[in-house]
Amino acid sequence: MSVWWTRLFKRVAATVPFESDEIHYVGDRCDNDIRPAVEAEMKIALVRRGPWAAIEWNSSEAREPPTLRVNSLLELPGLIISFNGSGH
């Protein structure tokens, strides 16, 4: 994993008025999204879109860490409300 991506995600987490584990990062790739978000201790929403979805959607790396998995960004608001309402 690129150290640069991890530093970027940690810097973002440090600049917003939330703890890292309160941030839900949305992405569609393991290398640029899931890995650095995990390193920065963020929640992850993996969205199934673009060419990477076909390649990575069922990989072990894409299956295990995401907090949420969605087929469309339109699904996110309701799922995040539900996730937050369940005590997370």
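Trainee: Is Val16 buried, exposed or partly exposed?
Mentor: In this predicted model, Val16 is partly exposed, because its relative accessible area is 32%.

Trainee: Where is the place of Val16?
Mentor: Val16 is in the loop between H1 and E1.

Trainee: And which residues form the nonpolar patch on the surface?
Mentor: The patch is formed by Trp4, Leu8, Val12, Val16 and Phe18. Together these residues have about 450 Å² of accessible area.

Trainee: What about charge? Which residues form the negative surface patch?
Mentor: Glu19, Asp21, Glu22, Glu39 and Glu41 form that patch. Glu19 is placed in the loop between helix H1 (3-15) and strand E1 (24-27).

Trainee: Why does Glu19 count as exposed?
Mentor: Its relative accessibility is 55%, and exposed means over 50%.

Trainee: What is the phi of Glu41 like, positive or negative?
Mentor: The phi of Glu41 is positive, near 65°. Glu41 follows H2.

Trainee: Turning to H2, which of its residues are buried?
Mentor: Helix H2 covers residues 30-39, and its buried residues are Cys30, Asn32, Asp33, Ile34, Pro36 and Ala37.

Trainee: What do the buried residues of H2 pack against?
Mentor: They pack against H1, E1, strand E2 (43-47), helix H3 (50-56) and helix H4 (60-63).

Trainee: A new topic: how many salt bridges does a search of the whole structure find?
Mentor: The search finds 3 salt bridges. As background, side chains of opposite charge can pair when their charged atoms come close.

Trainee: With which residue does Arg35 form a salt bridge?
Mentor: Arg35 pairs with Glu61, and their closest N and O atoms are 2.5 Å apart. This pair links distant parts of the chain, as Arg35 is in helix H2 and Glu61 is in helix H4, 26 residues apart.

Trainee: What does Arg49 meet in a salt bridge?
Mentor: The side chain of Arg49 meets that of Asp28, at 3.7 Å from N to O. Arg49 lies in the loop between E2 and H3 and Asp28 in the loop between E1 and H2, so the pair ties together parts that are 21 residues apart in sequence.

Trainee: Is Asp28 buried or exposed?
Mentor: Asp28 counts as buried, at 17% relative accessibility, whereas Arg49 is partly exposed, with a relative accessible area of 45%.

Trainee: And which residue forms a salt bridge with Arg29?
Mentor: That residue is Asp31, with the closest N and O atoms 2.6 Å apart. Asp31 is partly exposed, its relative accessible area being 23%.

How values were computed: Residues numbered from 1 in each chain as written. Predicted model: local features only at pLDDT ≥ 70, side-chain atom pairs only at ≥ 80, totals over all residues. Heavy atoms only, no water. Patch = residues over 30% accessible without salt bridge, like charges linked within 9 Å, V, L, I, M, F, W, Y side chains within 5 Å. Areas by Shrake-Rupley, 256 points an atom, 1.4 Å probe, with all protein chains shown as cover. Salt bridge = Lys/Arg side-chain N within 4 Å of Asp/Glu carboxyl O. Lys, Arg positive; Asp, Glu negative; His and termini not counted. Charge placed at Lys NZ, Arg CZ, Asp CG, Glu CD. Helix = DSSP H or I, 4+ residues; strand = E, 2+ residues; numbered from the N terminus. Buried < 20%, exposed > 50% of the residue type's maximum accessible area, 1.4 Å probe, protein only. Contact = heavy atoms within 4.5 Å.
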